[in-house]
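Subject: Structure handover

Hi,

Here is the structure I promised to pass on. Please open it alongside this message; my notes follow below.

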Amino acid sequence: MNFIDTFAKHRAEPEKSFEVYYKERRLSLGRRLLSRKKVYIDTKYWILLRDCELGRLDNEVVTELLQLLRDGVGAGKLVCPISADVFIEILRRADYPTLSCSVELIDALSLGVSISSREERIRQELLSFVLNNIQGEKSCHPPGLLVWTKLAYTFGPTQPCYTPFSTAEELTIQKAFLDQMWEVSLRDMIDIMGMGAIRNMPRIPNLSIQLNEVKLAHAGENSS
């Protein structure tokens, strides 16, 4: 992981808040992605593509799809952003060789891009709705520009807080930290976290088995 040193830049811009700077980074990212078609791949297909990459799956259609996606991303025509759901599901496949291949594939096809968190999207949609109805369409950015973020911020922005430094220096640190995390790949994140931490991450309960059992137990009560 390369070290990104932007402390001097942010010390020269003390008037710019973290929120404003984060929005600037997202707008810049959104504009760069405008020319690319977005291809959304759910966890099932990331797994199929990964198994194809590992040689575990011999399927001509999946092989062709993987090559088309690689070519499209390489030609600047496509990007395959991930989401928080995909992030969580991929980490659940926690043996190192399999996870390693998954993250390398995601890094290559997503270009480090993720859909912003659910909470961020809700706030942005509400703000856009209010501004559009009060001040007109030109009063806010198109939603498609602000829906993207980087992999490290899949679950929303985080920054160092309650540091022993002055308020001004803490703001400098927060914005420099954002610049560093903006360039972090999923591979970097996995290597920093380590497999032990990944295996100990809280798991969302798998309710599908329980739901199916209850559904079958009460099947006779359903008339339609």
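Is Tyr162 buried or exposed? Tyr162 is exposed, because its relative accessible area is 82%, and the cut-off for exposed is over 50%. Bear in mind that this is a predicted model.

Tyr162 sits in the loop that runs between strand 4 (148-150) and helix 9 (167-182). Its backbone stands out too: phi of Tyr162 is near 55 degrees, a positive value in a residue other than glycine.

Leu111 is another residue to look at. Phi of Leu111 is near 55 degrees, again positive in a residue other than glycine. You will find Leu111 in the loop between helix 6 and strand 3 (113-115). Leu111 counts as partly exposed, because its relative accessibility is 37%.

Now turn to helix 10, residues 186-199. A straight helix of its 14 residues would reach 20 Å at 1.5 Å a residue. In helix 10 the end C-alpha atoms are only 16 Å apart. Where does helix 10 bend? The bend is at Met193, by about 75 degrees.

Burial comes next. In helix 10, the buried residues are Leu186, Arg187, Asp188, Met189, Ile190, Met195 and Ile198. Note that the list includes Arg187 and Asp188. What do the buried residues of helix 10 pack against? Their partners are helix 5 (84-92) and helix 6 (96-110).

When you go through the model, I would start with the bend at Met193, then go to the loops that hold Leu111 and Tyr162.

Best wishes

Definitions and conventions: Residues are numbered from 1 along each chain as its sequence is written. This is a predicted model: local features need pLDDT of at least 70, side-chain atom pairs count only at pLDDT 80 or more; totals for chains, interfaces and linings use all residues. Side-chain values use heavy atoms; hydrogens and water are left out. Helices (H or I, at least four residues) and strands (E, at least two) are DSSP runs, numbered from the N terminus. The expected span of a helix is 1.5 Å times one less than its number of residues. The bend at a residue is the angle between axes fitted to the seven residues ending there and the seven starting there. Buried means under 20% relative accessible area, exposed over 50%, partly exposed in between (1.4 Å probe, protein chains only). Contact means heavy atoms within 4.5 Å.
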